[in-house]
Amino acid sequence: MIIPVAFAGEESCAFNGDGMAIEKNPRYIDSEIQMSYSPDNNPRSRGILVRRFTGDSTPFSFPVKKVRLVNEWPEDPPFLPDDFSRQDPLDDGAFYTVPRLVYHIDEPAVAALTQYYRKNIESGSEILDICSSWVSHYPLEFPRVMKRISGTGMNKLELIANDQLSDYEPKNLNSDPKLPYNDNSFDVVTCVVSIDYLIHPIEVLKEVRRVLRPGGKVIISQSNRCFPTKAIKMWLSMNDRQHLELINAYFQYAGGFKTREAFDITADGSGAPDPMFIVEAVKA
């Protein structure tokens, strides 16, 4: 199966001195993804219509509120194997076999994350998006102003459909936490609403530290949405505030990171948008 991707309707952007967009981008990009099955023997194809949230030209505002991390964790990890158990313990490869070309958080949460990235990731950076999918929520200009955007995720077809990636490597981090990249390769690593699915989160963050350059940073974003059968047991028993403390603990036990910072970046606007939080860590 192959997926050629053609995105339609993207407008040109002007850039300021930092290379970031200053003109209005469209709020949505509607596109068709063509999926071909066994083209050598049966060249039938079908198109899937998708709508991408750009994070721009929305009616929302994007406050950033610092959250104090106060929990004092013991020297050794207090976690038990059962804490990382899941309702569905079967191999994740089967669960993620079919591409899901949908959003797992709502538009205000996507837009809040996009705006946070624009303000907190410098142009010219080399970025790695772990647990990636068909969208990475980066601003539209990022593929043009960043040196490299790599992605690793469960579903190869979703990664092919992600037009913000310059390269990708399918990877199941629950079966093998080792990242397929050299030491000191990236300036920034992002992970969007996925750390709750990792059964070896400390080992994964050790790998993140390895592939980051000194002074590079990790941006972990989290909401309250999940596939409950695939999220780890202790995550499901915690509230949003406790999730931030848990992520901070993961960084502590991974080692090699400076003091972490947490932020509530939930968008302001009509209705009740999905909450959105950030835990950011810098490699020592």
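The structure is a predicted model, in which local features need pLDDT of at least 70, side-chain atom pairs count only at pLDDT 80 or more, and totals for chains, interfaces and linings use all residues. Residues are numbered from 1 along each chain as its sequence is written, and side-chain values use heavy atoms, with hydrogens and water left out.

## Overall organisation

The protein chain holds seven helices and eleven strands; helices (H or I, at least four residues) and strands (E, at least two) are DSSP runs numbered from the N terminus. Of its 284 residues, 52% are buried. Here buried means under 20% relative accessible area, exposed means over 50%, and partly exposed lies in between, with a 1.4 Å probe and protein chains only. Among contacts in the protein chain with a separation of 6 or more, 72% join residues 24 or more positions apart; a contact means heavy atoms within 4.5 Å.

## Nonpolar cores

In soluble globular proteins, nonpolar side chains tend to be buried together. A nonpolar core is defined as a set of buried Ala, Val, Leu, Ile, Met, Phe, Trp, Tyr and Cys residues joined through side-chain atoms within 4.5 Å. The largest such core has 38 residues, and Phe79, Val208, Tyr250 and Phe251 have the most contacts inside it. At least two residues of this core come from each of strand E5 (126-130), strand E8 (186-192), helix H5 (201-211), strand E9 (212-222), helix H6 (233-236), H7 and strand E11 (277-282). H7 supplies the largest share, eight residues. A second, separate core of 35 residues includes Ala109, Tyr138, Leu159 and Ile278.

Beyond its neighbours within four places in sequence, Phe251 is in contact with Leu205, Val218, Ile220, Phe257, Arg260, Val279 and Ala281. Helix H5 is mostly covered, with eight of its eleven residues buried. These buried residues are Pro201, Ile202, Val204, Leu205, Glu207, Val208, Arg210 and Val211, and they pack against E5, E8, E9 and H7.

## The largest pocket

Rolling a probe the size of a water molecule over the atoms shows where empty space is left. On a 1 Å grid over the protein atoms alone, a cavity is a set of points where a 1.4 Å probe fits but cannot get out, whereas a pocket is an open set with protein on both sides within 12 Å along at least five of seven lines; lining residues have an atom within 4 Å of a point. Grid points are joined across faces, edges and corners, and a volume is the space filled by probe spheres set on the points.

The largest pocket contains about 630 Å³ of space. Its lining comprises 33 residues, and Tyr96, Cys131, Val193, Ser194 and Tyr197 lie nearest its centre. By class, this lining has 14 nonpolar, eleven polar and eight charged residues. In this classification Ala, Val, Leu, Ile, Met, Phe, Trp, Tyr, Cys and Pro count as nonpolar, Asp, Glu, Lys and Arg as charged, and the others, Gly among them, as polar.

## Selected residues

Glu245 is located in helix H7 (residues 240-254) and counts as buried because its relative accessibility is 9%. The side chain of Glu245 reaches the backbone nitrogen of Asn71 at 3.2 Å. Apart from neighbours within four places in sequence, Glu245 is in contact with Arg68, Leu69, Val70, Asn71 and Trp73.

Lys233, in helix H6, has 44% relative accessibility and therefore counts as partly exposed. With neighbours within four places in sequence left aside, Lys233 is in contact with Asp82, Asp83 and Ser85. Asp83 belongs to the loop between strand E4 (65-67) and helix H1 (92-95), and it touches Ile232, Lys233 and Met234, not counting residues up to four places away in sequence.

Pro143 is part of helix H3 (residues 142-145) and is partly exposed at 37% relative accessibility. Not counting residues up to four places away in sequence, Pro143 touches Ile149, Asp163 and Gln164.

| Pair | Separation in sequence | C-alpha distance |
|---|---|---|
| Lys233 and Asp82 | 151 residues | 7.3 Å |
| Asp83 and Trp235 | 152 residues | 8.2 Å |
| Pro143 and Leu165 | 22 residues | 7.3 Å |

## Backbone angles

Most residues other than glycine have a negative phi, and most peptide bonds are trans. Ser57 has a positive phi near 55° and lies in the loop between strand E3 (44-53) and E4; Ser57 is partly exposed at 38% relative accessibility. His137 also has a positive phi, about 70°, and is placed in the loop between E5 and H3. His137 is buried, with a relative accessible area of 11%.

Methods: Polar contact = N/O pair within 3.5 Å; in protein donor to acceptor, adjacent residues only side chain to side chain.
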